[in-house]
Amino acid sequence: MSKVGQGSVMSKRKVSGVTAACLLAISGAATFFMSSVPGLSSAVAQEGGVLVQQVLVRGNQRIEADTVRSYLIVQPGSRVDQQSLDVALKTLFATGLFKDVNIFLNDNVVLVEVEENPIVNRVIFEGNQRTKEDKFNEEIQLAPRAVYTVAKVQSDVQRVIEVYRRSGRFAATVTPKTVQLPQNRVDVIFEIDEGPTTGVAKVNFSGNEIFSDQDLRDVVITAESRWYKFFESNDNYDPDRLEYDRELLRQHYTKLGYADFQVVAATAELTPDREDFFITFQVEEGPKYDFGKIDVKTTLSKVNENLLERTLPLRSGATFNSELIENAIESITYATGISGYAFVDVNPRLVRNEEAKTVDIIFEVNEGPRVYVERINIGGNTRTLDPVIRREINLVEGDAFNRVFVDRSERRVNGLGFFSDVSITELPGSAPDRTILDVQVEEQSTGSFSVGAGISSQDNFIANLSVSERNLLGRGQFLQLDLRASSRTQQATVRFREPYFLGRNLAAGFDLFSSSVDFEESGFVRDSLGAGLNVSFPISDSGRLGLNYTIRNDNLEISQLGTQTVSGNIDLSNQSNLETILLPNVTPDSITTDAFGQQIVRADFCDFVVNQLDSTCESRGEFLTSAIGYTLNYNKLNNPFLPSRGWRIGVSQAFSGLGGDVQNLKTTVQGAFYRPLPFDLVGAFKFDIGYVDGWGDDNIRISDRFFRGGASFRGFEVAGVGPRRVFQDGTAGAGRGRALGAKTYAIGSLETRLPLPIPDQFDIQTSLFTDFGTVGIIDEESKILNDDVANFVDFNGDGIFDEPIQDDLSIRASAGISIDWRSPFGPVRIDLAEVLVQEDYDQTEAFRFSAGGQF
């Protein structure tokens, strides 16, 4: 008789080795069995072995006897020998269906006794408070109705522990238990002790001289654990994330000229209390290189090497940039594809000149093997529809395989923001020249609900509520409801975007909005209700063009009161007397008497005849705006949030007059240039230009003009710079006047981001700045008050009477320091500014503060 008991418990990594050992033991047991039964060993040893007449199976409950026999090479009519018995035992145990097997050979009858492994009834997890069961079920092998084995249990224990380790819980332990049930069934219970979260106490860098530790911490995605980082998910040790950080560091350095850069080691050391890790990246930066000679060599007969060189984004003498080399490979691939070569192999060969600190680049372009995409499989998308993913892939079935397109497709799918992980792998096709692309994604949450609050020197208290979904019904659509309120603004907006309208790479959407804004600096309140339609599409890798249409109804009311003293011998209770003194819109209810018996009239600012020619009063009423426009944006920044190199520029125009009451053309141009400076400084030049003008004899209403100041021109109050209505010195409002807005402005800024001698984990950025520019020009019809010297006023107390409408297109300038703090409660910004050049009627502010956040 031969008997093999239950195998040893094994880990996942040692399954194959332990299994081999078990099979060797089985073989030895079979040999021992045959040698211990009298006559059996000699019978089997006879030439041809023992002739088997019958194979019987006993002990099976769920598994049919014929199924057991099908696993055996020993069949009735065949001869059994030592080798066949050995194979039979190994085969039965290898199925994983049996806990024990006994084989008897008696009078040419082979009797196989089996003990089946139990069937899993349920898999239960106990003690998992931080991790959902779904996460475990994705990893483990055991499941209801699966065959239970000790090897699978131990393997699943390691898988569960690995899930916890990936979330930073290295002290987690898992104890498996089973509960026997009738009919050879078991419940498998994993008792889990999650243990404390193992965070990251510090991310250190060794060997870095060019960039500071804080600069490099901004490059990697592993973050340090801090009590106030409530929603940080990357502040734990993850070996896979550490490998990704190594690649991010390599890309960062090689894009800035350090071609020899390498991460020598990335180590993680557990603290003695086993609560945190110290992560250290040891780097070798190497010298900074420039591009040397750029050359293209090709064996393709239809391609001109000189023409290929002209398509390259590389130039000799420029700073070495690995990203530009990748872009050059793409450019060559496209250029050769246009010439009819779908399969090319572009190999950039780098030749370093260490003395001159240059790198010569030789692109070797040869025809590659022809491979076609047979099929594209998409998996893991439990919510997102297949077409949403497939449209981001630059290849379709039947296309020529192109590695550049595959890599770009992976970046595009990942860029959707719907998935936490995206991978595209190649699988063998049905023929050597066929390949299958397997796209695997892991869904992540795309909906958000946020409540925010803040304070600022402009709006005082600010509150907002926002509900949004970036992947509506799995179709990739965006829907948002945004509610905002402050002491001067109430706004509600609904936004919808379809990124692929009509199945094309054309984003389309609409906006519905309602707002009420108190422009207290100009003395009016504007209530707006409207809607907008928009479409946009890419015109290059870094450029996008958008078209839009907006229809908006504005109701502008004057929020400023005026006063006038009237002689006491006029009876103002009589409406006709009010009309006699040119106050036709004032009722007797608006009249009061002061301590000296003087009658004081308080009424709408524009009810007084002297003000009815004011441009603010001209803009009163309800107006419908129907406008069509476009926006053109280019972005070449190396980092969208904290750039240190590159540029961006945007141009927009809106033409009003397609029906409605408003006829004007508004143009704005904005841009910024960033460049690293010595001593870890970053310099920036920003500009903002705008111009609006009416057509068809339509003047520009005050609500359509530009108001600058505050955050847009630091050192000046909101709407504190530009055309202004001034009043007689000593009267109410004379010190501030009233902002009238401008038809044009041009503002520039020079900034330098400074390093601070404080710990990096405070997340505080400081920059020196100087703002300079001009704001001015309103329509001449809006300055009609200046035509009568009787309206002139001494607004600044210098004894000189000036025009009541001040509009001087002169240069203003300011300088100061800005402090930005990414606090636990949201962004905080402080501006300290000193005005260097101004006009007498401008309104200045030396301190500006704003803060807010989401919770």
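**Exercise 1. Find the residues with the most contacts inside the largest nonpolar core, and say which elements supply it.**

Step 1. The largest nonpolar core has 41 residues. A nonpolar core is a set of buried Ala, Val, Leu, Ile, Met, Phe, Trp, Tyr and Cys residues joined through side-chain atoms within 4.5 Å. Buried means under 20% relative accessible area, with a 1.4 Å probe and protein chains only.

Step 2. Phe320, Ile361, Phe363, Leu437 and Val439 have the most contacts inside this core.

Step 3. Elements that each supply at least two residues include β13, α10 (322–338) and β15. The largest share, five residues, comes from α10. Helices (H or I, at least four residues) and strands (E, at least two) are DSSP runs, numbered from the N terminus.

Step 4. A second, separate core has 25 residues, among them Val68 and Leu72.

The model is predicted: local features need pLDDT of at least 70, side-chain atom pairs count only at pLDDT 80 or more, and totals for chains, interfaces and linings use all residues. Residues are numbered from 1 along each chain as its sequence is written, and side-chain values use heavy atoms, without hydrogens and water.

**Exercise 2. Trace the open sheet of three strands.**

Step 1. The strand order is β13-β15-β14, with mixed pairing. Two strands pair if DSSP finds at least two bridges between them.

Step 2. β13 (290–298) and β14 (344–353) are the edge strands, each pairing on one side only.

Step 3. β13 and β15 (residues 358–367) run parallel, joined by seven bridges. Phenylalanine 291 stands opposite valine 359 in β15.

**Exercise 3. List contacts of isoleucine 361 beyond four places in sequence.**

Solution. Contact means heavy atoms within 4.5 Å. The partners include Phe291, Ile294, Phe320 and Leu350.

Conventions: Buried < 20%, exposed > 50% of the residue type's maximum accessible area, 1.4 Å probe, protein only.
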